[in-house]
Amino acid sequence: MALVLNEEQVMLRDSAAGFLAEKATVAQLRELRDSGSERGFDESVWREMAEMGWAGIAIPEAFGGLGYGYTGLGLVLEQAGRNLSVSPLQSSVLVAATVIAELGGDGQKEQLLPAIAAGEKLVTLALQEGPHHAPAQVATTAEAAGDDWVLSGCKVLVLDAHVADSFIVIARSGGRAGEESGLSAFLVDAGTPGVSLERRSLVDARNAGVLSLESVRVPAASLLGPAGDAWSGLNRALDIANIGLASELLGLSAEAFERTVGYLKERKQFGRVIGSFQGLQHRAAELFAELELARSIVLQALQAIDDGQEDLSLMASAAKAKLCEVAQRATNEGIQMHGGIGMTDEHEIGFFIKRARVAQHTFGDYNYHLDRFAQLSGF
Amino acid sequence: MSDLDPFRQETRAWLEENCPESMRTPVRSFLEMYSGGRNPEIDHPDQKVWCDRMAERGWTVPQWPKEYGGGGLDRDEVKVLREEMARINARSPLDSFGISMLGPALLKFGNEEQKLEHLPKICRGEIRWCQGYSEPNAGSDLASLATRAEDKGDHYLINGQKVWTSYADKADWIFCLVRTDNSGSKHEGISFVLFDMDQPGVTVRPIRLISGSSPFCETFFDNARAEKKDLVGAEGNGWTIAKYLLTHEREMISGFGAAPKKSVGQLAMESMGADASGRLANSILRQNIAQYQLDTFAFAATMARVGDEAKAGQGLGAASSIFKYYGTELNKRRNELNLAALGEPALGWEGDAYRGGAVSRDWLRSKGNSIEGGTSEVQLNIIAKRVLGLPDE
Ligand SMILES: Cc1cc2nc3c(=O)[nH]c(=O)nc-3n(C[C@H](O)[C@H](O)[C@H](O)COP(=O)(O)OP(=O)(O)OC[C@H]3O[C@@H](n4cnc5c(N)ncnc54)[C@H](O)[C@@H]3O)c2cc1C
């Protein structure tokens, strides 16, 4: 597929850019943070996003979505990255709906996907347990008890945990921590006895929390896919999730960079604008080059999802690793080139480095994905 | 796509029949490339056979119009031809500055007579060209060049010196930047002329590089003669042509950033082995190689994206401004990592055991990539000013 956007995609990108720049801006994120918003995102904006179909962009039409594919979702996420827009687009749409689409049976998809696509149901993935992303290390247990399963364990960095209606809990029904086989995925409703939630405050001022499961009993029907065999579907869903996060980081990095270049043209020292200093010019030019590479690798990875390409894991780790690197550089340079004002909470540039850091970590950071990229490349 | 199938079949059959077996092996060094000329450097007799057969079809430069000796193929057909050549590992029949640099400039700025005179000879590999841009005091600041051209009615008399002129000792003709007027700004008064190197007023002295070979020269002009009909564009308009040609030179050089057939990671695994987890034994080297391969992967995607954008009629995007800078820096990284990955065998300079020192010589040669055709620093200046719009002092 040619590495260009088609007309439909350009329209989607432009309408996302317009809407989010008006309704879900950095200023709104600040307001949500400072007011201690209970839900953590603006529900009326989320409703509007869902009405425009964004919650179902990548969900097939048969299940109530638009069927535009992940390239479409990636374009919206990129714009969300530019504006640091807060919504359940990542947790419920990018991640949970994808896990359901990969692992769920038709009945489960019919039951869950249209509700997610309508923005009515908020589902989120509960995966990580330790300090690092290490999916094969999952130790949360799932024990068969008659027709039911009993789940016990503790999950961290569960996106939108305190507002989710349901969780997809990855638990071990067989094998040992470190093994890829033996993992299962369960759908667990928030109100199920034994489930407890703690909202956590992270550096990016977004919703994330800890989910504790104490002998939580769920029926057999809550199992997504075959027991003990979730790995390959989960792996593919995580690849897609990482490509989506890479799209968000692309928008975030591009925006931080453009704001910084704008400042270089405006701020004066030594009687001239600081953008005339070659020391800064070359750093800006190098960053520009890196951003162009970032843009290509993200588009290539998004198209690889929609084309059903076999080497998706390589594409995903390449895109995530590269975007972690570029986002870190763009946001660090953003602060440095703003000087003292860049260190203030009043200035918006600091919001970019904070969100970048959490998105970088989520589902594996630079170090995780560069290592995986090397392994998949055979060395 | 399927409309191209007959063309593909025909091309495949023709290549099968006409590409000599000996030309179906990879080119391992610059020395094995064929550049034609009156006294061509021949590494294997089939080089000329292969070049002549391809030239007959216009396929040494398939994208140029037929009337100028090219193949008159469109983009998709050129792609098919390249794919079919790659399929049988066919070498490029002819690589020259005439193809990569002068040709595009003549197609855009030359008059009909000049195109008909010079382009077919480039396609057939009859005339080999060199580039007379740099001077001892005009490198990055190319526009301050001082080689003079004096108007003598039907011709110019040329006096001055060029330097770093690649293959001046092998070339038949030179495309040369000369000063025809001193009165205006330094960018004005530069003219773009073509002349034969085989004349008493031209002296060439090879310069030896750190890689041991002597591909470039000092070139002296002492009343050298250039015919007026070989002035390209208007007198004093040479800077525009010079810059246009440079974009093509840079495009060619940025191709060095492409991924090698066998990855550096694989080379390192063969040379060093893996640890118990199956990863390359030295984790620091592994990380450096991974970073390089990741950037190469993203660079290839960027070349593809820019190509696709141009094909979709979106023009040559700003991304193309990074190619020269990024591609050459990647090639330097690759060469550094090659040495680290291969160890002792990569340090050889001479002898069959070291393949004549190919690895270390390529490594040294790669250092010039970020200098020739405009240095990396100059490329970054261009991006900062033209693309990002950052001001001068
Ligand atoms: C292998 C090779 C082949 C070549 N072949 C040819 C050829 O065929 N024909 C031809 O005409 N020329 C050729 N050249 C010459 C090449 O174009 C010049 O070497 C190049 O333009 C740099 O000029 P210079 O050598 O005078 O270096 P300088 O311009 O003196 O540069 C020295 C250093 O200063 C830096 N610098 C200069 N100006 C600036 C600035 N404004 N901002 C920041 N840094 C700056 C440079 O980046 C460099 O690092 C070749 C060079 C090489 C290495």
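Two residues are said to be in contact when heavy atoms lie within 4.5 Å of each other. The model shown is predicted: local features need pLDDT of at least 70, side-chain atom pairs count only at pLDDT 80 or more, and totals for chains, interfaces and linings use all residues. Residues are numbered from 1 along each chain as its sequence is written, chains are lettered from A and ligands numbered from 1 in the order in which they are written, and side-chain values use heavy atoms, with hydrogens and water left out.

**Figure 1. The interface of chain B and chain A.** Chain B brings 42 residues to the contact, and chain A brings 43 residues. About 3500 Å² is buried between the two chains, with carbon and sulfur atoms giving 68%; buried area is the accessible area (1.4 Å probe) that two parts lose on being put together, summed over both.

Figure 2. The interface of chain B and chain A holds 4 salt bridges, each a side-chain nitrogen of Lys or Arg within 4 Å of a carboxyl oxygen of Asp or Glu. One of them joins the side chains of K322(A) and D295(B), at 2.4 Å from N to O.

**Figure 3. The helices of chain B that touch chain A.** On this side of chain B, α7 (264–272), α8 (283–311), α9 (323–342) and α11 (376–387) each supply at least two residues. Of these, α8(B) gives the most, with 17 residues. Helices are DSSP runs (H or I, at least four residues), numbered from the N terminus.

**Figure 4. Domain 1 against domain 2 in chain A.** Chain A is divided into domain 1 (7–122), domain 2 (124–228) and domain 3 (232–376), with bounds from an automatic or database domain assignment. The centres of domain 1 and domain 2 of chain A, taken over C-alpha atoms, are 23 Å apart. In chain A, 25 residues of domain 1 are in contact with 23 residues of domain 2. These two domains of chain A bury about 1800 Å² between them, 58% of it on carbon and sulfur atoms. L103(A), Q108(A) and L122(A) supply 28% of the area that domain 1 of chain A buries here, more than any other three residues.
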